[in-house]
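Open the model in your viewer and keep the selection panel handy. We will go from stop to stop, and at each one you will hear what to select and what to look for.

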Amino acid sequence: MNDTRLGDLCGNYADPVRQLLTIGETKNFDPAGWPDYPAEFGVGHEHIDALIRMACDIALHDADTGSSRVWAPLHAWRALGQLRAGASVAPLLALPTTFEEDDTLGLELPAVFGMIGPAAIPHLAGCVLDRANRTSPVAAAISGLAEIAARHPDCRGEAIDILVRVLESHADTGQTIRGFAVSALIDLKAVEAIDIIRGAFRRNSVDISIAGDLEDVEIELGLRDHRVTPAPYYPILSGNWSPQPAVDRIPRNASPGRAKVGRNDPCPCGSGKKYKKCCLQ
């Protein structure tokens, strides 16, 4: 991108939002380590529209990878989370479809939705329950529901009800999406949903590469101490997983027992993050 175009990008934004163009790369994806954008950069509720525009700015997403500007959308969506900007949820949910190669979206959007809190739930529920949506935004929305419930315990029941509807939903809901729903229910320790979970596994409608098979789930929920059957063949969900059901890709004559990558284990990609916070997103 030439210097003239970079200048145009800067000119599209006024201070204090303009400052986010200069922060550059971050190596800390833990929300606890994010800057306090309102305090440090002076962004406030009056800047929400500009922050949404920056978070969704195609020119910034496509900026030179060595520039500080390519990181500006990330800083904008973090600021929107800290401002609890409910108006940003719908446009942010569109990002995983538009920018499928951006791994930071899967890492950070659930935390952003968690910060926004209860105001995000209607948008996330609509995304999760719309069978026309692709897997990547649905996965972010499901993880966002779990984040909201963790931060706002009074929302736990509502989040569980939405996730249970995913498991009860029509046959054309992908196994991968149901796998993410089961994973979120484990995070929420939703023992009360076990009958619905068991029903989904009986119908062979859950991708076991995400949270394991039913025995794994029951162990995670504290409902059994150990396996009573041999471990199944666990396909490892790659960072480029497709919305097609992963279980359908398991060879019928495959040998069981491939070591399971636990949701809380180090990610196989070598990032050092937990699997559920990295390539599982």
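How many salt bridges does the count come to? The count comes to 10 salt bridges, and we will visit some of them below. Bear in mind that this is a predicted model.

**Stop 1: the whole chain**

Begin with a cartoon of the protein chain, which has 15 helices and 0 strands. Of its 281 residues, 51% count as buried. Contacts in the chain with a separation of 6 or more are worth a thought too: residues 24 or more positions apart account for 68% of them.

**Stop 2: helix 5**

Now select residues 72-82, which form helix 5. Is this helix mostly covered or mostly uncovered? Helix 5 is mostly covered, with 10 of its 11 residues buried. Show side chains and you will find Ala72, Pro73, Leu74, His75, Ala76, Trp77, Arg78, Ala79, Leu80 and Gly81 as the buried residues.

Before leaving, click on Arg84, which follows helix 5 and has a positive phi, near 55°.

**Stop 3: helix 10 beside helix 12**

Next, colour residues 135-151 (helix 10) and residues 175-187 (helix 12). The two pack at an angle of about 10°, and their axes lie 9 Å apart. Because angles under 35 degrees count as roughly parallel, helix 10 is roughly parallel to helix 12. Helix 10 passes helix 12 in a right-handed crossing.

Which residues make the contact? On helix 10, select Thr135, Val138, Ala139, Ile142 and Ala146. On helix 12, select Thr176, Ile177, Phe180, Ala181 and Ala184. Sorted by class, this contact has 8 nonpolar residues, 2 polar ones and no charged residues.

**Stop 4**

Pick Glu192 and Arg156 and show their side chains, which meet in a salt bridge at 2.8 Å, N to O. The pair links distant parts of the chain, 36 residues apart. Glu192 sits in the loop between helix 12 and helix 13 (194-202), while Arg156 belongs to helix 11 (residues 156-168). Arg156 counts as partly exposed, at 26% relative accessibility.

**Stop 4: a salt-bridge network**

For the last stop, select Asp195, Arg198, Glu215, Glu218 and Arg224 together; a network of salt bridges links them.

Start with Arg198 and Asp195, which form a salt bridge with their closest N and O atoms 3.8 Å apart. Why do they lie about one helical turn from each other? They are separated by about one turn because they are 3 residues apart in helix 13. As background, an α-helix has 3.6 residues a turn, so residues three or four places apart point the same way. Arg198 is partly exposed, with a relative accessible area of 27%, whereas Asp195 is exposed, at 56%.

Then move to Glu215 and Arg224, another salt bridge, whose closest N and O atoms are 3.9 Å apart.

Terms used: Residues are numbered from 1 along each chain as its sequence is written. This is a predicted model: local features need pLDDT of at least 70, side-chain atom pairs count only at pLDDT 80 or more; totals for chains, interfaces and linings use all residues. Side-chain values use heavy atoms; hydrogens and water are left out. Axes are lines fitted to C-alpha atoms, for helices over the stretch in contact, and angles run from 0 to 180 degrees between N-to-C directions. Helices (H or I, at least four residues) and strands (E, at least two) are DSSP runs, numbered from the N terminus. Angles under 35 degrees count as roughly parallel, over 145 as roughly antiparallel, 65 to 115 as roughly perpendicular and the rest as oblique. A crossing is left-handed if the near helix is turned anticlockwise from the far one by less than a right angle, and right-handed if clockwise. Contact means heavy atoms within 4.5 Å. Ala, Val, Leu, Ile, Met, Phe, Trp, Tyr, Cys and Pro count as nonpolar, Asp, Glu, Lys and Arg as charged, and the others, Gly among them, as polar. A salt bridge is a side-chain nitrogen of Lys or Arg within 4 Å of a carboxyl oxygen of Asp or Glu. Buried means under 20% relative accessible area, exposed over 50%, partly exposed in between (1.4 Å probe, protein chains only).
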